Amino acid sequence: MTTPWESIHPEALTHLQNLIRLNTVNPPGNEQIAVDYLAALLKKEGIDYQIVTAAPGRSNLVARISSGTSEGPLLLSSHLDVVPVEEKKWKYPPFEARIEEGYVWGRGAIDMKQMAVYSLMTFLLIKRLGLKLKRDLIWAAVADEEVGCDLGSKFLVEQHPDLIRAEYALNEVGGFTVHSGQKRFYPIQVAEKGFVWLKITAHGEAGHASMPHGESAIVKLAQMIDKLHKKFLPRHLHPVAEGFILALASGHGFPVSPILKGIVNPYGDLILKILPDREAAKFFIATLHNTACPTIVSGGHKINVIPSEATVLVDGRILPGQIPETFVREVQNLIGDGYTVEVIKQAPPQETPVDTPLFQLLKEVLEERDPGSVAIPYLITGFTDASFYQRLGIKTYGFSPIKLPPDLVFSKLYHNHNERIPVEGFQWGLETFFAAVRRFCL
Ligand SMILES: [Zn+2]
């Protein structure tokens, strides 16, 4: 049976608008309202689901269509929380989901209520079309991704692993159009950095502030932060990052192509220091190095007293293949003696192989749906729910397709003012997502 897209598209658009209108800014999250909305739709069509509540108002929904076979299941994952907004900076109100200028505007439009709708419509379509699956299809609509996953994917992995255990998962950040020169690419996320949050303490000599001295902990802290800001940690060229940058280069001619190619060479850090496009440089630096970004400083308690200690919290991010111990050593080598470095929280990087049938299928589907484009593996600098799914051995890819016009850059919409999704790009994404899931599960 063919898919009735002419009636599915308006239905999907309405669900996207309704989900954006349900405010799930985290904190506090309140994902329960979105879970209730989705559960009512599943119930009406006779699809099995469970609601697993981690804390008041913080629910997760897990739905399943069983196949009756022992083939490894496919998990679809979408977090339902969104990041806060600065309402005054938006062109259209962030929770009204208005359709203007060919876009749906609103918080969560691309991160990632659109994928919740892709997953919902995929479940409804499989049920309505009476499709018989060869592997179980699971959908986890989870809470709390934006502040560390404790009440969402981490909670499910630790407390209810059997509900979501799967061979593969499709998750966020991938499948969107990247225009590079003359070419179009579709990154499929296969790797993400982990985090290692540090507390670094500077030690000095106390004293009366009427007689400043060079051993002040505050001054030492400032000098150390300056070093963290000015110098790169050692470079670690990951094959996925290298392949991605070389692919971007292939879309360009002189002089952009040789510059991009130069970035992956051993002297590439020199290029990164002077690259005029600082927005691009920021991405390349984070893709090729572990990073240590100071975010919270504290020290001192009285204006006329030089304190003997001052601290900074540092958001460290490590590449796949790196471990916290070597990262701490890199930081210590860069800042020098006189500081105590402690790890306060960490999550490992994650990496999924690309030589799997599912990766190949996702690549084929994307390239078919946008002829002439090329789908390539992608490493992201942030972390997602994938970091917890990997604890259950679930091979997770970032595949949340959206077709974007050349003037719209995905990374600039992410967590930013005026988050929006092109209506056409959303519809293209839904059809692409459904095609991939259908081909893999049927
Ligand atoms: Zn997200």
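1. The protein chain is assigned two domains: domain 1 covers 5–183 + 350–441, and domain 2 covers 194–236 + 289–347. These bounds come from an automatic or database domain assignment. The model is a predicted one, in which local features need pLDDT of at least 70 and side-chain atom pairs count only at pLDDT 80 or more, while totals for chains, interfaces and linings use all residues. Residue numbers start from 1 along each chain as its sequence is written.

2. The centres of domain 1 and domain 2, taken over C-alpha atoms, are 37 Å apart. Their contact involves 5 residues from domain 1 and 5 residues from domain 2; residues are in contact if their C-beta atoms, placed from the backbone, lie within 7 Å. On the domain 1 side that touches domain 2 there are 1 nonpolar, 3 polar and 1 charged residues. Here Ala, Val, Leu, Ile, Met, Phe, Trp, Tyr, Cys and Pro count as nonpolar, Asp, Glu, Lys and Arg as charged, and the others, Gly among them, as polar.

3. The protein chain has 15 helices and 19 strands, taken as DSSP runs (helices H or I, at least four residues; strands E, at least two) and numbered from the N terminus. Its C-alpha atoms fill a box of roughly 80 × 55 × 45 Å along the principal axes.

4. Helix H1 (residues 5–21) and helix H15 (residues 423–441) have axes that come within 11 Å and cross at roughly 115 degrees. Axes are lines fitted to C-alpha atoms, for helices over the stretch in contact, and angles run from 0 to 180 degrees between N-to-C directions. H1 and H15 are therefore roughly perpendicular (65 to 115 degrees). The contact is formed by Trp5, His9, Ala12, Leu13 and Leu16 of H1 with Val423, Phe426, Gln427, Leu430 and Glu431 of H15. By class, this contact has 7 nonpolar, 2 polar and 1 charged residues.

5. H15 also packs with helix H12 (residues 357–369), at an angle of about 140 degrees and with the axes 10 Å apart. From H12 the contact takes Leu358, Leu361, Leu362, Val365, Leu366 and Arg369, and from H15 Trp428, Thr432, Ala435, Ala436, Arg439 and Phe440. The classes here are 9 nonpolar, 1 polar and 2 charged residues.

Technical notes. Two residues are in contact if their C-beta atoms, placed from the backbone, lie within 7 Å. Angles under 35 degrees count as roughly parallel, over 145 as roughly antiparallel, 65 to 115 as roughly perpendicular and the rest as oblique.
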